[in-house]
Amino acid sequence: MRFPSLSSARCGALVLTVLAAWAGCKTTGAEKPAGSVQATPAAAKSARIEVDQAGLVAALVRKHGEPSRARAERGIRQVSAYWRADDGDAAALRIFVEDAFVADPQQIDALLGRFSAAFEQIDGHTLEIGRARRSWNELELGPQMDVDQTFAALDVSAHLPEDLFTSKLAFVALLNFPQPDLQEMVSQAPRWSRKQWAQARLTRRFAVRPSGAALQAVAKATADAEAYIAGYNVWMHHVLAPDGRRLFPKGVRLLAHWNLRDQIKVDYAEPDKALALTRQRLIRDVMERIVTQTIPKAVIDDPRVEWNPATNAITATPPEEVETEQMKKQGKRPAQPSLSPEREPDQRYAVLSADFRAARQLDVDSPMARTLIDRNFQLDDEIPEQRVRALLTQILGSPLVPRVAALIQKRLGRPLEPFDIWYAGFVERQPEAELSKLTRARYPTPEAYKKDIPRILQALGFSPEKARYLDARIVVDPARGSGHALQAGRRSEMYSWWGPGDSPHLRVRVNPDGMDYRNYSTVAVHELGHNVEQVFSLYQVDDTLLQGVPGTAFTEALAFTFQQRDLELLGAAKPDPRVEHTRALKTFWDSWEIAGPALVDLDVWHWMYDHPETTPAQLREATVAIARKYWDQYYAPVLGKPGNPQLAIYSHMINSFLYLYRYPIGHLIEFQLEQKLRGGNFGKEFERAASYGRVLPDLWMEHATGRPVVAEPMLEATEAALRAER
């Protein structure tokens, strides 16, 4: 790291002097002097003061000259939008503005550098602390304790955003740098310099002024939802077919919805077609029971209870059929099993409702975006909701759907059924059991997988040197749940001689007998793509204020480019000239599959905002009705079963606070990226795209591929693939 320049040091001294003075004036809690008036939290959040903006601007112009007028007008307008009575009266605001406004261009640049360095440390260490305190809950480290969930729900940074305002640091940024809205960014950002982008990223982080209580509520709701989903396993050896047969071997413990869906996918390669079809129908029935909350509570993650979804009857598992040792090592359950037929009491929707209530606490603190929905689109993804909906319905209503469905039906040799929404036969695969033999032999432990990462990266097209560089910055952990990638936010300590930076973490689920194929594909390969992007977008970007990619859909798209090659990396497939058509068909069907659930997720959140006092039972009824509506409109014509609610099975709806729409958008982005990354330049092109930084989605895509985000490339390629099938 460079030593700070003189101008940076002087600027830092100026800002710290101003902020120290204001920190000395601030009193909170027990430190308030006797006789001071303490406003209620609600009043403190909403109280505003009359601001003489014209007078403040005039004062700054007198002090710094007419050239400062435009910046002064904007800065004061931005500060006024967030200034509360607790921040000080009109006189205090005037003193702050006159002291904290920076006019000299070199000092402005130095001030930006101070914020960049400080937030790299603040954000990076916050990520590390959160990762550590959740580790007992999320990693396979042996038996859990009740206190683990309490640690996971704690957010030690919950008050940081408000502290940045009360300390006046946020106001220093808002006073001195522009805070553009999405409309301004769309119209002007194509002409911005990288410094202007860094300024925008700095100030837009203050678009929400959340209270510590609101952030803590979101942290608790998130942790509770994660724990609920992580514990929602179904032991398939104990889920019986309608005729009472066992269809799965011992030890098959599937996490809802991910592993249930993946089991449907891998059964397309099962040689025993009758067995595969019966399994797929059984799992779909399990999914419907979960969505409608008619699943008996006793069967959730407990192999001591047998369940027939067709009749909904439960019985005790014969002792010799219980996976006793595996049960001790995985999950948490009562000492004695329950044989009560009582259904799960709408807990799924109680958790979702708690998500909503927590998110609403941030609404009042968001002047630029008054709902979670708006914050997602306007602040996080920076793409209008209506544009996303148009892309989704363009896919769902495409005339290509019945043509691709007819091709699938021809290949299967039977009418399509609802679970064929997850058809996975475009890419020919060996049966999962055979693929799992390969993955279990290669990866008996997380350590074995970690050791193989350099080979995987070189096989993808990264140079040996780059593969070693990436491997050195990725940490592998044993996951208790489904497994996922966790980013880092700090590429060094504050100064290089203080120590190195942080690394992204990859949490993989490895069962006692080794890593099965589904976890290899969806975690060990897909999530590795996230980690590689995270390394590049942190360590290779020119300013850490720009670290990351435009939104979650982009990191998902980059990860999908890894997962597309999972069989090649395993040695179970070879490059084929027909692969372009195969991948077009697969991407189209995958996009169609997830576009409907994405609309369900969006509509459910709109429904909750329209019905804020909803009960879990009412939310269940509304969610099921919305899911059935979209099923009947877009899916029943080709997959049958009108009134089917399975579009609401996705666990993201419960634990991810409006996330699903990012997947189909990610598929579109992935397809465009794949066309650019195809061939021997995969590694170089991936790095070039991932290291560009967080700019607007269309600008990022134009840099990476030469085109904005559109559906046409995928649709055109699908049309070409269908013609090739004739």
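Author: Happy to. E568 is partly exposed, at 30% relative accessibility; that label covers the range between buried, under 20% relative accessible area, and exposed, over 50%, with a 1.4 Å probe and protein chains only. The model is predicted: local features need pLDDT of at least 70, side-chain atom pairs count only at pLDDT 80 or more, and totals for chains, interfaces and linings use all residues. Residues are numbered from 1 along each chain as its sequence is written, and side-chain values use heavy atoms, with hydrogens and water left out.

Reader: Thanks! Which side chain does E568 meet in a salt bridge?

Author: R583, at 3.3 Å from N to O. A salt bridge here is a side-chain nitrogen of Lys or Arg within 4 Å of a carboxyl oxygen of Asp or Glu. R583 lies in helix α27 (residues 579-610) and E568 in helix α26 (residues 566-570), 15 residues apart. Helices (H or I, at least four residues) and strands (E, at least two) are DSSP runs, numbered from the N terminus.

Reader: And why does R583 count as buried?

Author: Because its relative accessibility is 10%.

Reader: How many salt bridges does a search of the whole structure find?

Author: It finds 54. One of them joins R84 and D365 at 3.5 Å.

Reader: Are R84 and D365 buried or exposed?

Author: Both are buried. They also belong to a network of salt bridges with D87, E162 and R209.

Reader: Switching to sheets: in what order do the three strands of the open sheet run?

Author: The order is β5-β7-β6, with mixed pairing. Two strands pair if DSSP finds at least two bridges between them. β5 (475-478) and β6 (484-486) are at the edges with a single partner strand each, so one side of each has no neighbour in the sheet.

Reader: How do β6 and β7 pair?

Author: In the antiparallel sense, over three bridges, β7 being residues 505-508. A485, for instance, has L506 in β7 as its bridge partner.
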